[in-house]
Amino acid sequence: QVQLVESGGGLVQPGGSLRLSCAASGIIFSINAMGWYRQAPGKERELVAAIISGGSTNYVDSVKGRFTISRDNAKNTVYLQMNSLKPEDTAIYYCNANLLTNRGATGQYWGQGTQVTVSS
């Protein structure tokens, strides 16, 4: 089995910062890409940021210049540094990994989600 465990969410004032972490563990052979999605109440889940094995990244326009995704390949961990947070960033943030297991199967895996609330 594969598990993705997120941490780092919470309540922060507008303009503040948070750092999310997501550690993948289990029968992992290699990870192709990892990313962060978010879902706000009444809205569809959207891709916030992603990073592939070579290090290339992409971001949704609304977070460019404020969020930074990074990855520690040795630890199978992805981070999302969120600065200059806005109330509209409030959502549940989900970690996602596209990976190959030791059994030769590829697939998408999700974390349980972590709440980020930006409010004064």
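**Figure 1. Overall dimensions of the protein chain in the predicted model.** A compact globule of 120 residues would have a radius of gyration near 14 Å, and the protein chain, with 14 Å, agrees with this. Along its principal axes, the C-alpha trace spans about 45 × 25 × 25 Å. The accessible surface of the protein chain is about 6200 Å². Carbon and sulfur atoms account for 48% of that surface. Of the 120 residues, 40% are buried.

Figure 2. The protein chain has 11 strands and zero helices. Read from the N terminus, the order of elements is therefore a run of β entries, β-β-β-β-β-β-β-β-β-β-β.

**Figure 3. The largest nonpolar core.** This core contains 30 residues. Trp-36, Leu-80, Met-82 and Tyr-93 have the most contacts inside it. Elements giving two or more residues to the core include strand 1 (2–7), strand 4 (28–39), strand 5 (46–52) and strand 8 (77–82). Strand 9 (91–101) is also one of these elements. The largest share of the core, five residues, comes from strand 9.

Figure 4. Ser-21 lies in strand 3, which covers residues 18–26. Is Ser-21 buried or exposed? Its relative accessibility is 17%, so Ser-21 counts as buried; the cut-off for buried is under 20%. Leaving out residues up to four places away in sequence, Ser-21 touches Val-5, Glu-6, Ser-7, Trp-36, Val-78 and Tyr-79. One of these, Trp-36, is also among the residues with the most contacts inside the largest nonpolar core.

**Figure 5. Ser-62 in a loop.** Ser-62 is found between strand 6 (57–59) and strand 7, in the loop that links them. With a relative accessibility of 39%, Ser-62 counts as partly exposed. Ser-62 and Ala-40 are 22 residues apart in sequence. From C-alpha to C-alpha, Ser-62 and Ala-40 are 14 Å apart in space.

Figure 6. Asn-76 is not a glycine, yet its phi is positive, at about 50 degrees. Asn-76 sits in the loop between strand 7 and strand 8. The relative accessible area of Asn-76 is 24%, so this residue is partly exposed. Ser-84 is not a glycine either, and its phi is positive, at about 50 degrees. The loop that holds Ser-84 lies between strand 8 and strand 9. Ser-84 is partly exposed, with a relative accessible area of 41%.

**Figure 7. Thr-106 in strand 10.** Thr-106 belongs to strand 10, which covers residues 106–110. At 60% relative accessibility, Thr-106 counts as exposed, because the cut-off for exposed is over 50%. Which residues does Thr-106 contact, leaving aside its neighbours within four places in sequence? They are Leu-99 and Leu-100. Thr-106 and Asn-32 are 74 residues apart along the chain, and their C-alpha atoms are separated by 9.5 Å.

Key: Residues are numbered from 1 along each chain as its sequence is written. This is a predicted model: local features need pLDDT of at least 70, side-chain atom pairs count only at pLDDT 80 or more; totals for chains, interfaces and linings use all residues. Side-chain values use heavy atoms; hydrogens and water are left out. Helices (H or I, at least four residues) and strands (E, at least two) are DSSP runs, numbered from the N terminus. Buried means under 20% relative accessible area, exposed over 50%, partly exposed in between (1.4 Å probe, protein chains only). Contact means heavy atoms within 4.5 Å. A nonpolar core is a set of buried Ala, Val, Leu, Ile, Met, Phe, Trp, Tyr and Cys residues joined through side-chain atoms within 4.5 Å. The radius of gyration is taken over C-alpha atoms; the globule rule is 2.2 Å times the number of residues to the power 0.38. Accessible areas come from the Shrake-Rupley method with a 1.4 Å probe; for residues, only the protein chains shown count as cover.
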